[in-house]
Amino acid sequence: MAIDSFNGLMQDVEFKRNNLTNSTIKKIRKLYKNIANDYMKRLGKVNKDSLEARYLEDSVKYLQEEYERLGKEFIKDLNKNIEIIIEETTSTQLSFFEKICDEYSVDLKPHFTQMFTKIHEDVLREVITGEMYKDKIKLSNRIWNDINKTKSDLEYILSEGLAKKKSVYNLAKDLEKYVNPKSAKGYDWSNIYPGTKKKIDFNAYRLASTYINHAYQYAAKKSCIKNPYVTKMKWMSSHDNRVCPLCAERDGKEYTPPELPMDHPLGRCTFIYVIPKSL
């Protein structure tokens, strides 16, 4: 097997990572949209002239319970998808060594299987528990922090709206505006409800995209540390007007596997493998 084909194998993994990221973001957006649509349907059925403050309290409680359920489903799905991309990354590296063993009739497959199984387990643990990051915050805690922010915002909107003597119906419409991911919240919103989210699902899909990407990068990095053929990993920035100065500066730069930096949240950069050695 030609060494050059290794980059092709890993590009296939990257393609799977992109598909997994897109499908995860799509599902997250759908979950948030479903909650918003359900609330809008409920509000559309009531008589706005007969609404009482109790309706708002019940609505906030109902929405908080819905986001609590969303958080549990989000954690379950993201953990599963992180494990999938780590498995894809490490198993592809393993297949590279298995083909070398076949080509040279070397009986080392059990050794490589054990090595990459351990890499898979270690990377998965470090990603989920937060050991991968300096702040050591668990993935589940990051998700719950965001969910709790949403729940807190709902209570704040209710209390602020009542304090400003808004009508029950108008306040109910403000709650509707908050939970609707497509609703624009401009300057007036920030003045009335400062500090609340302007896009309710943004942090969730940013977390999903970033974690799947970092899990892929981290698994590739840890695998390449054990791969003597890969001496460097070359950073490849996206070449468009959205690339940030840091990523533009990194473009084409080669790092040893232990030194490879993580892409920033919602990053779109990638890397290729520098393999100067022959089999």
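**Close-up 1. Salt bridge between Asp122 and Lys118 in helix 3 of the predicted model.** The side chains of Asp122 and Lys118 meet in a salt bridge with an N to O distance of 2.7 Å; a salt bridge is defined as a side-chain nitrogen of Lys or Arg within 4 Å of a carboxyl oxygen of Asp or Glu. The two residues are four apart in helix 3 (residues 109-129), so about one helical turn separates Asp122 from Lys118. Lys118 is partly exposed, at 47% relative accessibility (buried means under 20% relative accessible area, exposed over 50%, and partly exposed in between, with a 1.4 Å probe and protein chains only). A network of salt bridges links Lys118, Asp122, Arg125, Glu126 and Glu131. Across the whole structure, the search finds 20 salt bridges.

This is a predicted model, in which local features need pLDDT of at least 70 and side-chain atom pairs count only at pLDDT 80 or more, whereas totals for chains, interfaces and linings use all residues. Residues are numbered from 1 along each chain as its sequence is written, and side-chain values use heavy atoms, with hydrogens and water left out.

Close-up 2. Helix 2 (residues 53-104) comprises 52 residues and reaches 77 Å from its first C-alpha to its last, close to the 76 Å expected at 1.5 Å a residue; the expected span is 1.5 Å times one less than the number of residues. Helices are DSSP runs (H or I, at least four residues), as are strands (E, at least two), numbered from the N terminus. Within helix 2, Glu66 and Arg69 are three residues apart, about one helical turn, and their side chains form a salt bridge at 2.1 Å, N to O. Glu66 is buried at 19% relative accessible area, while Arg69 is partly exposed at 48%. Just after the helix, Ser105 adopts a positive phi of about 50°.

**Close-up 3. Salt bridge between Lys173 and Glu176 in helix 5.** The closest N and O atoms of Lys173 and Glu176 lie 2.7 Å apart. These residues are three apart in helix 5 (residues 168-179), and about one helical turn separates them. Lys173 is partly exposed, with a relative accessible area of 31%; Glu176 is buried, with 13%.

Close-up 4. Three strands form an open sheet in the order 2-1-3, with antiparallel pairing (two strands pair if DSSP finds at least two bridges between them). Strand 2 (254-255) and strand 3 (270-274) stand at the edges, each with a single partner strand, so one side of each lacks a neighbour in the sheet. Strand 1 (residues 232-236) pairs with strand 2 over two bridges, and Glu254 in strand 2 is the bridge partner of Lys234.
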